[in-house]
Amino acid sequence: GLLPGEVKIIAADSGKALAAEQNVKISDHGTIAYTNLILQPGESLIGYVKTAAGQPAGRNITVTAQAEGRLFQTLTDDTGSFKFSALPLTQVYLNVSDTEGNQAEKSILLFGSDQIVTLQFIPRGTVSGQVVFGDGITPVAYAQVTLYGSWSAGRVMTADQNGKFSFDRVF
């Protein structure tokens, strides 16, 4: 018997790139009413995750695909390769990030044949400078500096006694 509640049933015929899913309710008696799953066309997406330097990114990096409001996830193998099977034929948004904060994203249109995509982590840089008073010369010692970007809610640091600051590993 199954516990009462809602479950998702997924069926796929990867040889023909067909897939279906349906949410069904499990009764208080642990049974599911009869249901039909109608397989629809879908496609495989094979990909590679590369470092900012273009090398294979390695194992166990999470790759997320979003299509038609649904999320699909998989992990890379030792060579940075991944595969999704039976994705819907539509625009697919891919996102990848590792435990060190590296990230990449890409959008791809699946159009009826297996496709290959490469996601490369975005290179990082340094943002540095000096905080000075209105005269443009005199440094502001220990000023609070905040760096904002679409990738972050804001990183804060305190400038040194000469007003100098540096943010490392910035996208």
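## Asparagine 23

A residue counts as buried under 20% relative accessible area, as exposed over 50%, and as partly exposed in between. In this predicted model, asparagine 23 has a relative accessible area of 45%, so asparagine 23 is partly exposed.

Asparagine 23 belongs to strand S2, which covers residues 18–26. Leaving aside residues up to four places away in sequence, asparagine 23 touches Glu6, Val7 and Lys8. Isoleucine 10 is 13 residues from asparagine 23 along the chain, and the C-alpha atoms of these two residues are 8.9 Å apart.

## The chain as a whole

The chain has 13 strands and 0 helices.

Of the 171 residues in the chain, 28% are buried. The chain exposes about 10700 Å², and carbon and sulfur atoms supply 51% of this area. Among contacts with a separation of 6 or more, 42% are between residues 24 or more positions apart.

## A sheet of four strands

Which strands make up the open sheet, and in what order? The order is S5-S4-S7-S8, a total of 4 strands, and the pairing is antiparallel. Strand S5 (70–75) and strand S8 (103–109) are the edge strands, since each pairs on one side only. From one strand to the next, the twist averages 20°.

One of the pairings in this sheet joins S5 to strand S4, which spans residues 62–67. These two strands pair in the antiparallel sense over 6 bridges. Within this pairing, threonine 62 stands opposite leucine 75 in S5.

## Aromatic pairs

How many aromatic pairs are there? Two rings pair if their centres lie within 6.5 Å, and by this rule the count is 2 aromatic pairs.

Asparagine 23, by contrast, is partly exposed.

Methods. Residues numbered from 1 in each chain as written. Predicted model: local features only at pLDDT ≥ 70, side-chain atom pairs only at ≥ 80, totals over all residues. Heavy atoms only, no water. Buried < 20%, exposed > 50% of the residue type's maximum accessible area, 1.4 Å probe, protein only. Contact = heavy atoms within 4.5 Å. Areas by Shrake-Rupley, 256 points an atom, 1.4 Å probe, with all protein chains shown as cover. Phe/Tyr/Trp six-rings, centres within 6.5 Å; stacked < 30°, edge-to-face > 60°. Pairing = 2+ DSSP bridges. Axes fitted to C-alpha atoms, helices over the stretch in contact; angles between N-to-C directions.
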